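Colleague: I am new to this structure. Could we go through some of its contacts together?

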Amino acid sequence: MLTLLVGAMLFATLGKDPLATLYAFFIMPVSDLYGLSELGVKAAPILLCATGLAICYRANVWNIGAEGQFLLGGLVGSWTALALLDAVGFWVLPVVLLAGSAAGAGWAAIPALLKTRFNCNEILTTIMLNYIGLNLLLYAVHGPLQDPAGYNFPESALFSDSATLPILLDGTRVHPGVVLALLAVLLVWLLLSKTFLGFQLRVLGKDAGAARFAGFRIRRLIWVALLLCGGLAGLAGVAEVTGPIGQLIPQISPGYGYAAIIVAFLGRLHPVGILFASLLMALLYMGGEMVQIEMGLPLALTGVFQGLLLFFLLACDVLIGYRIRFITSRPARVPVACAE
Amino acid sequence: MDIDLIANILFAAIRTGTPLLLVALGELVCEKSGVLNLGQEGMMLMGAVTGFIAAFHTGSIVAGVLCAILAGIGMALLFGLVALSLNASQVASGLALSIFGVGLSGFVGSNYIGKPLQGLGTLTIPGLSDIPLFGRALFSHDIFVYLSVLLCVLVYFFFKRSRVGLIVKAVGESPEAAQAIGLPVLTVRYLAVMFGGAMAGLAGAYLSLVYTPLWADNMTAGRGWIALALVVFAGWRAERVLLGAYLFGVASMLHLVLQSYDLALAPNLLATIPYVATILALVAMSTNQAKVKLHTPAALGKPFHSSD
Amino acid sequence: MNPHERSTLTANDNVYPLVLANISKQYPGCLANNNISLRIKPGTIHALLGENGAGKSTLLKIIYGLVQPDAGRIIWEGKAIDIVSPAHARRLGIGMVFQQFALFESLTVQENIVLGLSKKSTRNMHAVARRISDVANQYGMAVEPQRPVHTLSAGERQRVEIVRCLMQDTKLLILDEPTSALTPPEVDALFTTLRQLAAQGTSILFISHKLQEVQGLCDSASILRDGAVVASCIPAQHSTASLAEMMVGAAAPLLQNCTRTTSEDVYLRVTNLSLASDKLFGVNLQDINLSVRAGEIVGIAGVAGNGQSELLSALGGAQLCQRDEEIRLAGVAIGAMPADERRQHGLAVVPEQRLGQAAVGAMSLRDNGLLTGFRQGLVKRGILQTQAIDNFATTIIHDYSVKCDGSEALANSLSGGNLQKFVIGRELLQNPICLVAAHPAWGIDVAAAIVVHNALFSLRDSGSAIVIISEDLDELFSICDRVGALYRGRLSALKPTVDTSSEAVGQWMVGVFDGPQQRWPGSGVNSKQQCE
């Protein structure tokens, strides 16, 4: 809400009608069925990354590298798809998806190894791997994976039909990746709330000392969290290149991996919350494009909104926490159980 | 490899290392007080864009630098409000600051992409710069380079000699104990965070006003993050930050060396070298945990709840 | 003796450095201070006596400006004031020696002292160094200004804190449980210093729950119970028993030893255990030998920071040993076995910290039951068994009379005593053949301590082996069969408690290991040089 308010003021200072701009930003993109379906298509990669990040953050593993894992998923997925350009069959697509997913997990295995073996801070290593991943992708589209018949444009050849995700609903771009994302939400929710593994991850996040004394294998848990997250982010990447895009291009991610960090927090690290948060984030992306077209405002507006959102979230969380403490501190015998 | 090439690489390495040195010094002071501010990238970008815009309109580098420093401090205050006053997670707040800075700088600077700006000349130190071989590499830089070295010396003596430096260290080791003996924990941390912001702003201005000089989206290219790694690499010591910054500068200039051997690698692969070097440096430093723990401010990243 | 001393302020009050009038402080769920009034005369040692949770710490924090009272007045040297911060308190001349010392480990003694002084008085570092040694010599408290604090023992740290207070003009010196981390000789030295200070006109507020100390040292005492002053008296005029009754009220006795199952089976055997600490400024364990038989409680004494937490980590599996054979549990070598597998073989552990090691504060009691109880049928094929988890937590809460709002209550909403009962109950319900517990009764009230100790007795009587690591000699002597002491990572020989005295154990605690079993070269006082 605060974000909206500040957004409106921002528009006003830019000399645009704030209400009209907000309308263009938040309502126009989803005013028809196609818009709604696009929302789902845009939300899917963010959702996949954010559910993966939720596992990490629940375990207090600060993986900032969903972006890099996403890019690697897209890159290796594309490489596989191009290698199988002439192959036809139902098996091609699963192989491509698996390859992308494995690449994402592999990219996440690097910080896992560095953290468990060399005690390296995962925040810094994952960030560095994001930059390395981006440069590898750029290298690939300018070099080995460039379409020989593409007039030297930095993009790959179009994938074969066998390596492309089918459209599920006519007239839209809804692809099975959206379904996979929803499935991932369900599975991660089950993992975190119903299994002992999920319990161990949560304990590790809340109190590493207690996890150590309880005898949980902390290194193994860090590996699990990072590999799962990397796999999901990689899947998101490969689903993007084999789905809506259909080839490898330099801009396969407009910062989905970073946006997913915000989404994970906005959804309180809970898979269902993340589902809604990812829709909001998708709306921000679409709204950003919409106001660029309609109002001539820069696309970077989306980034401003994202940052604001996270800041307000953090500040509000704390303020709400204070209020609860304040209320409970008055009567004498009220349990200190704080509802979130 | 001939001597000229080495001198060239040294010259370029010092130039490239300077913004890293500036940010890392700021973060060093900040972390010494026990605050982990991951928002360096965002603060740097805001400094870069604000500095560029100010200099573009006033035509004055000085005005640009001042505005950049103010922008950095402003961003740092935002972080301080959330992470220090409201006691939100420092890691999350820092990330938010970086994401916010990337977005806001891109937004503010969208009309200035590619606009030209008159850069800053060099300040050649007469006499010294004429020293054969390395005279030019060491003594014919712009004023920022000398300033950054001076700041490094100041930070070194600040922690080595001054009472205030001692207070900062004490607050970073145990804010509880510091409060118990009557030290103003929150004030010290705010000032340290603001210093970090000012230095990041200055570093940003160096990039957009002197180093390139122009404004482009995300032009810091992860230098804020590398600086964070640099502080770890340097074991929270100012003199090692200086050394580390120039080493990274050399790593970034490696493509010059490779070219001299006719080893033409794709530019995108060359661009990964600083990041790979950062990871390797982290591995080298972090492996010896006992040593790292000895120098890490004990309360780093932990929120401080004043009792009551 | 007037149980509720009226606080009618008189003109006389300005001869007292400190008068507290009707101080109250309310915390969520507990009235920590209830209408407390007391006066401290100049040049006297006044005791604040009370068991854990009686409200002593809250009162201290109020006097030192860390916490503001909800009601009541503080009169300092005849003037009613609000003490707004520790800095303010120090300017007034109130000095405090904390139980968990407020020192900076990585800095030197001199730097620590300088930080506590005003800026003006530290301009000339040489003068400061001279004053430090003057003050230290005057009160017989040797400190080495250039030593880093992390190399100091607890007693030496306390001296640094006291010197820091004395470097400025301290009119009231507050000491919070100052003897809890000291060896018996250090306690004597401290008392000499305190008497000397009092004779020179400094008022001293001495916080303790140890009756003999208070009787031996203090001129007057206020006794706190449940947040209120229940009595003011001259401690020397009362018997220990009557003081204890005022402090605790009537308390249930400890269980008598009835049917004890003892056997010669050694359930826990530690052989030549050496382990480098993974903590910063930690203590390395050296050549620890220890065997505990079935049906026996072995106590390990020692001043804090002599390897207790490292020994606990090594036994519990939070840190693994180099070789499997270094620790054997009922014959099975478990030295390099991770903690969860050790549990499977019948080991249970009660770590030092309740929150942060034993329990997760932000999780419910049912989750905390699952934390170490996961081998009790609470998990099947990786899936959590909700019903079984609930039952497990409810059983603990019921069997060990844990006061809480059911199994969904968060662990950090419980008092220390109740959380400790929950943790002990959780470990005991797993029927361990060996239990390793760190200071099980630390910081909890007498009633909870009795529940905890009785639970340990019934575990012992059922034939399990128990190791208690504690700094509290009284506790060790009252519950253990054999006792030894840790000093700088080395363990003395174990002796039956009936054949030894707290004085003898006090000697072990400073490294003077006696007897024919002293078989490790370099142990004892000489190891001081070696260990550094």
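Colleague: At what angle do the axes of helix 11 and helix 12 of chain C cross?
Modeller: Please note that this is a predicted model. The axes of helix 11 (residues 365-373) and helix 12 (residues 386-399) of chain C cross at roughly 100° and come within 8 Å.

Colleague: Changing topic, how many residues do chain A and chain B each give to their contact?
Modeller: Chain A gives 37 residues, and chain B gives 37 residues.

Colleague: Which helix of chain A gives the most to the side that touches chain B?
Modeller: Helix 13 of chain A does, with twelve residues. Among the other elements giving two or more residues to that side are helix 5 (92-118) and helix 6 (122-142) of chain A. By class, the side of chain A that touches chain B has 27 nonpolar, nine polar and one charged residues.

Colleague: What about chain A and chain C: how many residues are in contact?
Modeller: There, 22 residues of chain A are in contact with 30 residues of chain C. Helix 8 (196-206) and helix 9 (208-214) of chain A are the elements that give two or more residues to the chain A side. That side has eleven nonpolar, five polar and six charged residues.

Methods:
Residues numbered from 1 in each chain as written. Chains lettered and ligands numbered in written order. Predicted model: local features only at pLDDT ≥ 70, side-chain atom pairs only at ≥ 80, totals over all residues. Axes fitted to C-alpha atoms, helices over the stretch in contact; angles between N-to-C directions. Helix = DSSP H or I, 4+ residues; strand = E, 2+ residues; numbered from the N terminus. Contact = placed C-beta atoms within 7 Å. Nonpolar A, V, L, I, M, F, W, Y, C, P; charged D, E, K, R; others polar.
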